[in-house]
Amino acid sequence: MERLNPRARSDPYGTRINRTQSPLRAGSVPYLSIMLGSLLPVLLIADVMPLVPPLGFLMLIAWRLVRPGLLPLWAGAPLGAFDDLVSGQPFGSGIMLFSFAMIALEMIEARFPWRGFWQDWFTAGLCATIYWLAALFVSGARVTPEMLAVSLPQALLSVLLYPILARMVASLDRFRLARARRIE
């Protein structure tokens with residue numbers, strides 16, 4: 001083996017065996033990325049009208065669609081609470097909307113276990129649009145046609161952003177499961 005590829009083994013027992021991923025990293029990366037997604041719109045721009053889509057919700061949807069069994073069903077409640085605390089929405093709206101989205105995605109997963117990318121994009125776009133409308137109505141502001149027209153680019157950007165977020169979640173998942181520690 002050493003004659004074919006001298007870098008295949010750098011020690012007598014091999015560097016690729018006896019390794020496993022870090023349990024801390026494997027358990028925390030999805031939650032931290034969703035929480036960072038909730039923080040990002042607040043840190044980027046502070047304006048009267050939100051221009052950046054709800055990245056925390058979109059990250060939740062992307063994690064749920066890319067890795068279906070990873071997040072438990074109840075994970076929408078604490079992540080929605082964090083999003084409520086950071087985003088300024090009335091407390092409870094994110095909890096309710098994140099939880100409803102997790103339940104809806106669980107029902108879709110049970111009904112259609114084998115899906116393709118286009119179905120996932122359609123599902124994510126539908127969830128993002130429903131979330132956008134529900135958050136608009138729950139926010140307490142008077143919903144006028146002008147407000148809908150002004151915030152429509154946010155909904156369109158939410159739908160168009162899913163492929164990028166799905167790719168980002170896939171790379172975060174590879175990082176999450178990379179071999180990091182030695183098994184004793």
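A residue counts here as buried when its relative accessible area is under 20%, as exposed when it is over 50%, and as partly exposed in between, with a 1.4 Å probe and protein chains only. By that scale Arg115, at 22% relative accessibility, is partly exposed, whereas Asp120, at 10%, is buried. This is a predicted model, in which local features need pLDDT of at least 70 and side-chain atom pairs count only at pLDDT 80 or more, while totals for chains, interfaces and linings use all residues. Residues are numbered from 1 along each chain as its sequence is written, and side-chain values use heavy atoms, with hydrogens and water left out.

The side chains of Asp120 and Arg115 meet in a salt bridge with an N to O distance of 2.6 Å, the term being used for a side-chain nitrogen of Lys or Arg within 4 Å of a carboxyl oxygen of Asp or Glu. Side chains of opposite charge can pair when their charged atoms come close. The count by this rule comes to 5 salt bridges. Another of them joins the side chains of Asp173 and Arg67, at 2.8 Å from N to O. Asp173 lies in helix H7 (residues 162-176) and Arg67 in the loop between H2 and H3, so this pair ties together parts that are 106 residues apart in sequence; helices (H or I, at least four residues) and strands (E, at least two) are DSSP runs, numbered from the N terminus. Asp173 is buried, at 9% relative accessibility, and Arg67 is partly exposed, with a relative accessible area of 30%.

Asp173 also forms a salt bridge with Arg176, where the closest N and O atoms are 2.9 Å apart. These two residues are 3 residues apart in helix H7 and are thus separated by about one helical turn, and Arg176 is buried, its relative accessible area being 4%. Through shared partners, the salt bridges join Arg67, Asp173 and Arg176 into one network. Helix H7 also holds Met168, which is partly exposed with a relative accessible area of 37%; Met168 and Ser33 are 135 residues apart in sequence, yet their C-alpha atoms are 10.0 Å apart in space.

The aromatic side chains come next. A pair of aromatic rings is described by the distance of the centres and the angle of the planes. Rings of Phe, Tyr and Trp (its six-membered ring) are paired here if their centres lie within 6.5 Å, and planes under 30 degrees apart count as stacked, over 60 as edge-to-face and the rest as tilted. A search of the whole structure finds 7 such pairs. One of them is the stacked pair of Phe57 and Tyr131, at 4.1 Å centre to centre with 10 degrees between the planes. This pair links distant parts of the chain, since Phe57 is in helix H2 (residues 55-66) and Tyr131 in helix H5 (residues 117-138), 74 residues apart. Phe57 is buried, with a relative accessible area of 2%, and Tyr131 is buried as well, with 8%.

Trp118 and Trp121 form a further stacked pair, with 5.6 Å centre to centre and 20 degrees between the planes. Being 3 residues apart in helix H5, they are separated by about one helical turn, and Trp118 counts as exposed, at 64% relative accessibility.

On the surface, Leu73, Met96, Phe100, Ile103, Met107 and Val138 form a nonpolar patch with about 540 Å² of accessible area together. Patches are made of residues with over 30% relative accessible area and no salt bridge, like charges being joined within 9 Å and nonpolar side chains (Val, Leu, Ile, Met, Phe, Trp, Tyr) within 5 Å, and accessible areas come from the Shrake-Rupley method with a 1.4 Å probe, where for residues only the protein chains shown count as cover. Helix H4 (residues 93-111) gives the most to this patch, with 4 residues. Phe100 is found in helix H4 and is exposed, with a relative accessible area of 52%.
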